Amino acid sequence: MQEGSKMSPIDRQSGSDFVIETAGLTKRYGKRGVLAVDDLCLRVRRGEVYGLVGPNGAGKTTAMRMLVGLMRPTSGTARVLGRPAGTSGSLTGVGAMIEAPDFYPFLTGRDNLRVMAEHADVAPERVGAVLAQVELTSRADDRFGTYSMGMKQRLGVAAALLKDPELLILDEPTTGLDPAGIAEMRVLLRRLGQGMRTVLLSSHLMTEVEQTCDRVGVIRRGRIVAEGTLSELRGRAELQVRALPLERALQIVSALAYVDGVRSDDGMLVIRVGTDRAGEINRALVTNGVDVTELTPVHPSLEGVFLRLVREDEESDG
Amino acid sequence: MGSFRAELLILRKYAAYRVLLAITLAVTALLGYVLPYISYRSSSVDSRRATDLADLLPGHTVASLLSAIPFWFGMLALILGALMFGGEYGWGTLKTTLMQQPGRSRLLLAKLAAMGLALALTLIAVSVIAVACGVPIALAEGADKSLPPAWDLARGFGAGWLILAVWAMLGAMLAVASRGTALAIGLGIMYGLVFEGLLSGFREQISVLDALSHAFLRTNAYSLAKPLGATAEQGGGPGGFSGPFVEAWQALLVLVIYLGIFSGACAVMLRRRDVA
């Protein structure tokens with residue numbers, strides 16, 4: 001477990017390794033309305049960048065709203081930094097940007113942050129520091145209403161950083177950004193996630209999560225359907241082999257004891273086997289008269305894994 | 001104090017508040033002094049009434065302002081309350097603010113304090129304009145230019161502030177209830193103009209309405225202002241009010257109860273409802 005000066009007295013007392021812990025967290029809109037979050041059990045460890053991924057409407061934003069106290073759960077519990085979610089005590093160490101960053105359009109970026117700093121009882125000097133951190137100093141004295149989407153997002157992140165929080169909760173921080181803006185935001189997120197700070201990030205963009213997160217939870221219909229590190233979720237790499245004749249190659253590979261599985265896909269063999277066996281596979285095929293024209297180790301993308309998980313979950317639902 | 005300072009910063013830079021203040025000052029100067037004085041000077045010397053001039057002199061400032069506060073300035077206060085609270089929903093800033101940890105009760109108290117201060121400053125500004133208009137008239141007419149006694153000024157300020165605060169809180173409550181500005185302003189003005197106005201028109205024929213009209217905002221506002229020399233606009237216009245009047249202490253009590261109910265309703269809605 002990582003220890004550091006950023007731990008609040010509460011966390012030192014509780015000794016919890018998790019900065020976010022939910023149990024059976026459920027949110028239903030209206031008495032018989034939509035079940036947005038369903039029995040969610042989420043655990044985010046101190047110091048990690050955790051990605052909550054899922055399709056639109058999966059319940060990511062609603063879950064985050066409950067974690068910062070904007071919404072009350074229908075049932076279940078959530079603890080943030082060792083305290084009940086949304087209480088003043090838990091919010092002391094939390095910086096958040098949920099959905100679009102919303103500020104007063106007639107105030108400058110700097111004045112908007114001054115307002116938020118006053119509400120958070122943060123020293124005004126922090127305003128300049130966080131503006132510099134998100135590289136918005138040069139436009140800080142322009143009105144928020146004149147900002148581009150990228151600048152609005154950066155101001156939202158700046159507001160979330162005002163308290164120098166232990167936990168940063170960011171909901172779809174690259175939404176609406178152009179490719180350059182997305183790249184800039186990724187660099188910023190990686191920087192923010194360094195050291196002891198914990199980041200909970202939601203997204204429906206798998207590449208964003210792949211490039212920023214240590215651990216990922218896949219959420220669908222308000223439930224976590226899979227969770228793990230990126231490599232755990234991706235599983236082992238596979239070997240893709242282009243060989244002629246394909247049927248003969250399939251027979252040979254299927255007979256190999258160390259192969260976990262093989263299938264024919266789009267004129268190629270996809271073999272579930274350790275990539276260190278590539279040489280042996282090649283030798284087995286060639287010595288049995290099969291021509292091997294291509295042999296490539298392939299790492300499954302998170303997007304592929306995500307789509308497979310969603311499909312499997314749909315099938316299990318019947 | 002931090003949240004209060006934040007609310008003051010917002011209010012200071014909010015153009016809508018400056019526009020409302022400018023309208024209030026312009027209405028005071030133009031309708032309260034400039035046009036009545038032109039009208040007074042335009043009439044023949046024989047038909048001039050001493051009371052018409054007396055209404056324009058500095059000594060009559062409290063009564064003149066309190067005549068406009070129960071309805072016309074009340075409507076402007078209602079708009080201010082709706083803008084201050086409804087704007088947070090329209091801009092989505094309620095969510096951003098609450099994530100900074102102030103707590104819903106603290107935010108409400110800060111907003112109420114800032115609104116109360118804004119109303120007090122507005123009253124002071126309006127009084128200064130009224131005196132600034134009344135003194136030249138007194139000098140031109142060779143009339144008494146002395147101000148009302150300090151005690152009358154203090155009572156007038158207290159009564160005016162309370163009336164404006166009740167209207168502003170009605171606007172705030174409607175804004176929180178409707179999570180926005182437009183509907184709140186529409187409903188508030190409809191209530192002031194149509195509901196109270198129209199029902200009052202039938203109070204002499206229907207006894208239930210007569211009893212009900214004793215609880216109206218305008219009834220109690222005018223009743224509180226009347227002992228300080230305020231006169232209600234007669235006739236069937238939108239701001240017209242011909243009674244009933246209740247005792248001043250009763251009016252004070254009813255207005256304080258209204259203030260409590262509107263503030264309480266705001267607090268309950270803010271605390272209990274989810275912020276989307």
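This briefing walks you through the main features of the structure above, topic by topic. The model is predicted, so local features need pLDDT of at least 70 and side-chain atom pairs count only at pLDDT 80 or more, while totals for chains, interfaces and linings use all residues. Residues are numbered from 1 along each chain as its sequence is written, and chains are lettered from A, with ligands numbered from 1, in the order in which they are written.

**Domains of chain A**
- Chain A is assigned domain 1 (9-233) and domain 2 (236-299); such bounds come from an automatic or database domain assignment.
- The centres of the two domains, taken over C-alpha atoms, are separated by 44 Å.

**A four-stranded sheet in chain A**
- Strands β13-β14-β12-β15 of chain A, in that order, form an open sheet with antiparallel pairing. Strands (E, at least two residues) and helices (H or I, at least four) are DSSP runs numbered from the N terminus, and two strands pair if DSSP finds at least two bridges between them.
- At the edges are β13 (261-265) and β15 (291-298) of chain A, each pairing on one side only.
- From one strand to the next, the twist averages 25°.
- Helix α10 (246-254) of chain A packs on the sheet, touching β12, β13 and β14, and its direction makes about 170° with that of β13(A). Here axes are lines fitted to C-alpha atoms, for helices over the stretch in contact, and angles run from 0 to 180 degrees between N-to-C directions.
- In the loop between β12 and α10 of chain A you will find A:P245; the peptide bond from A:L244 to A:P245 is cis, with omega near -5°.

**Where chains A and B meet**
- The contact takes 25 residues from chain A and 23 residues from chain B, where two residues are in contact if their C-beta atoms, placed from the backbone, lie within 7 Å.
- On the side of chain A that touches chain B, α4(A) gives the largest share, six residues.

**Details worth a look**
- Helix α6 (104-141) of chain B has 38 residues and reaches 55 Å from its first C-alpha to its last, close to the 56 Å expected at 1.5 Å a residue; the expected span is 1.5 Å times one less than the number of residues.
- A:E172 has a positive phi of about 45° although it is not a glycine, and A:E172 lies in the loop between β8 (167-171) and α7 (179-192) of chain A.
- In chain B, B:R179 also has a positive phi, about 50°, and is not a glycine.
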